[in-house]
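User: I am new to this kind of model, and I would like to learn how to read its features step by step. Could you guide me through them?

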Amino acid sequence: MGKQTKAIIKMDVKTVIKELNKALADEFLAAYQYWIGSKVVKGFFRKTVQEELAEHANDEFRHAQMLTDRIIQLDGTPILDPKDWYKLTTCGFIPPKDPNSIKILNQNLKGERCAIGIYNNLLKKLKDKDGETFHIVCHILREELKHENDLEAILEDIELSKK
Ligand code: FE
Ligand code: FE
Ligand code: MG
């Protein structure tokens with residue numbers, strides 16, 4: 001790790017790495033949840049939902065990349081074994097056994113709200129202590145807020161279309 005990279009961090013770097021790896025587990029599971037959901041979804045607004053979920057899957061994968069790059073920059077080891085995704089996850093994974101688009105949208109919405117809570121808490125821990133990780137987490141959180149909004153908007157449109 002760069003000497004100055006380390007010097008400017010005013011908290012235990014191991015704690016930062018641990019938190020980033022936990023978030024990484026959630027991002028991979030979220031990416032797969034969105035991706036597989038986009039493949040199996042049926043029902044209301046099928047095409048819109050497919051496209052939105054596929055886009056979010058790409059976003060979550062990009063978040064995983066950002067977290068991994070920061071972990072490596074801090075001389076940490078990113079999760080190497082997918083088995084650890086389940087060990088380290090906070091938000092979990094809901095297999096989309098029912099392809100109904102409303103069900104799938106709600107499953108993903110639950111995940112987004114969990115992610116928003118995690119990143120918001122993480123920001124509090126990092127504030128004034130690790131500016132660069134704080135910035136990365138801010139960026140990710142902003143996109144999770146947009147994800148929540150996008151999912152809510154589709155669910156709202158589905159409800160309106162039923163009237
Ligand atoms: Fe994400
Ligand atoms: Fe998200
Ligand atoms: Mg979106």
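Analyst: This is a predicted model, and we can begin with one helix: Glu60 and His63 are three residues apart in helix H3 (residues 46-73), so about one helical turn separates them.

User: Are Glu60 and His63 buried or exposed?

Analyst: A residue counts as buried when its relative accessible area is under 20%. Glu60 has a relative accessible area of 1%, and therefore it is buried; His63, at 0%, is buried as well.

User: Which residue bridges the iron ion (ligand 1) and the iron ion (ligand 2)?

Analyst: Glu60 is the bridge between these two ions, which lie 3.9 Å apart.

User: What coordinates the magnesium ion (ligand 3)?

Analyst: Glu52 (OE), His56 (NE2) and Asp150 (OD) coordinate the magnesium ion (ligand 3) at 2.0 to 2.3 Å. Among them, His56 in helix H3 and Asp150 in helix H6 link distant parts of the chain, being 94 residues apart, and both His56 and Asp150 are buried.

User: Where does Asp157 lie, and how accessible is it?

Analyst: Asp157 lies in helix H6 (residues 131-162), and because its relative accessible area is 38%, it is partly exposed. Its C-alpha atom is separated by 9.8 Å from that of Phe44, although Asp157 and Phe44 are 113 residues apart along the chain.

Key
Residues are numbered from 1 along each chain as its sequence is written. Chains are lettered from A and ligands numbered from 1 in the order in which they are written. This is a predicted model: local features need pLDDT of at least 70, side-chain atom pairs count only at pLDDT 80 or more; totals for chains, interfaces and linings use all residues. Side-chain values use heavy atoms; hydrogens and water are left out. Helices (H or I, at least four residues) and strands (E, at least two) are DSSP runs, numbered from the N terminus. Buried means under 20% relative accessible area, exposed over 50%, partly exposed in between (1.4 Å probe, protein chains only). Donors are N, O and S atoms within 2.8 Å of the metal (3.2 Å for Na, K and Ca); water is not among the atoms, so sites may look incomplete.
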